[in-house]
Amino acid sequence: NRDDVVCGDALRGGLAATPGVSIVSPTRPELCAGMVTWKLEGHEHRKVAEELWQKDRIMPRAIGPGLR
């Protein structure tokens, strides 16, 4: 869905501009979708997910290489 790609692009842009954040999923446009996997360097993924939920009611999914 094109809307998913647009949202994914916006998220990737914001994450890329955030110090300490690495995008794990592909960033080449032809390989991108609405889902974005990222990580916050030096922080455990599950704890970041819990904090995002507690502070902002954002619920990412903690997966192997990062958050989705």
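A residue is called exposed when its relative accessible area is over 50%, buried when that area is under 20%, and partly exposed in between, with a 1.4 Å probe and protein chains only. By this definition Lys55 is exposed, at a relative accessible area of 62%.

The model is predicted, and local features need pLDDT of at least 70, side-chain atom pairs count only at pLDDT 80 or more, and totals for chains, interfaces and linings use all residues. Residues are numbered from 1 along each chain as its sequence is written, and side-chain values use heavy atoms, with hydrogens and water left out.

A salt bridge is a side-chain nitrogen of Lys or Arg within 4 Å of a carboxyl oxygen of Asp or Glu. The structure holds three of them.

Lys55 takes part in one, with Glu51 as its partner and 3.0 Å between the closest N and O atoms. Both residues belong to helix 2 (residues 45-56) and are four residues apart, about one turn of the helix. Helices are DSSP runs (H or I, at least four residues), numbered from the N terminus. Glu51 counts as partly exposed, because its relative accessibility is 44%.

In helix 1 (residues 2-16) lie Asp9 and Arg12, three residues apart, again about one turn of the helix. They form a salt bridge whose closest N and O atoms are 2.7 Å apart. Arg12 has a relative accessible area of 7%, so Arg12 is buried, whereas Asp9 is partly exposed at 38% relative accessibility.

Glu30 and Arg28 form another salt bridge, with the closest N and O atoms 2.6 Å apart. Glu30 has a relative accessible area of 54% and is therefore exposed.

Key
Helix = DSSP H or I, 4+ residues; strand = E, 2+ residues; numbered from the N terminus.
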